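Me: I am new to this structure. Please show it to me, and then let us go through it in short questions.

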Amino acid sequence: MLDYAFHVVNLRMVWLKVLAPNAGGVKAYERAGFRAAGTLREAGYWLGRVCDELVMDALARDFTGPSVVRALVEPERA
């Protein structure tokens, strides 16, 4: 998704929010290239309890190199 966002749509930044107790989700987002950007204290609920929400972001400048996204239709050759 980030490859598409940065190489095709040409976005500079993508951000998300995740509940702090969701350790598996946080780890998955970190593996995908997101980094912690801030905390919204007591902004969410996890299993009926108040919890923090983490704001995470990914920047295009951190995703250098070729894209793996390919066009669905090959351009015509002259």
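Me: What share of the accessible surface belongs to carbon and sulfur atoms?
Reply: Accessible areas come from the Shrake-Rupley method with a 1.4 Å probe, and for residues only the protein chains shown count as cover. The accessible surface of the protein is about 6400 Å². The share from carbon and sulfur atoms is 54%.

Me: Before we go on, what should I know about the model and its numbering?
Reply: This is a predicted model, where local features need pLDDT of at least 70, side-chain atom pairs count only at pLDDT 80 or more, and totals for chains, interfaces and linings use all residues. Side-chain values use heavy atoms, without hydrogens and water, and residues are numbered along each chain as its sequence is written, from 1.

Me: In what order do the elements run from the N terminus?
Reply: Helices (H or I, at least four residues) and strands (E, at least two) are DSSP runs, numbered from the N terminus. The protein has two helices and three strands. Their order is α-β-α-β-β.

Me: Why is the protein described as more spread out than a compact globule?
Reply: The radius of gyration is taken over C-alpha atoms, and the globule rule is 2.2 Å times the number of residues to the power 0.38. For 78 residues the rule gives 12 Å, and the protein is well over that, so it counts as more spread out. Along the principal axes, the C-alpha atoms fill a box of roughly 65 × 20 × 15 Å.

Me: Which residue in the hairpin turn has a positive phi?
Reply: The hairpin is formed by strand 2 and strand 3, with two residues between them. The phi in question is about 55°. The residue is Leu 47.

Me: Which residues form the covered face of strand 1?
Reply: In a regular strand the side chains alternate between the two faces of the sheet. Met 13, Trp 15, Lys 17 and Leu 19 make up the uncovered face. The covered face holds Val 14, Leu 16 and Val 18.

Me: How many residues make up the largest nonpolar core?
Reply: Such a core is a set of buried Ala, Val, Leu, Ile, Met, Phe, Trp, Tyr and Cys residues joined through side-chain atoms within 4.5 Å. Its members include Phe 6, Leu 16, Phe 34 and Met 56. Helix 1, strand 1 and strand 3 each supply at least two residues. The core has 10 residues in all.

Me: Is Glu 53 buried or exposed?
Reply: Buried means under 20% relative accessible area, exposed over 50%, partly exposed in between (1.4 Å probe, protein chains only). Glu 53 has 13% relative accessibility. Its salt-bridge partner Lys 17 is partly exposed at 45%. Glu 53 is buried.

Me: Which residue forms a salt bridge with Arg 35?
Reply: A salt bridge is a side-chain nitrogen of Lys or Arg within 4 Å of a carboxyl oxygen of Asp or Glu. Here the closest N and O atoms are 4.0 Å apart. Arg 35 lies in strand 2 and its partner in the segment after strand 3, so the pair ties together parts 27 residues apart in sequence. The partner is Asp 62.

Definitions and conventions. Two strands pair if DSSP finds at least two bridges between them.
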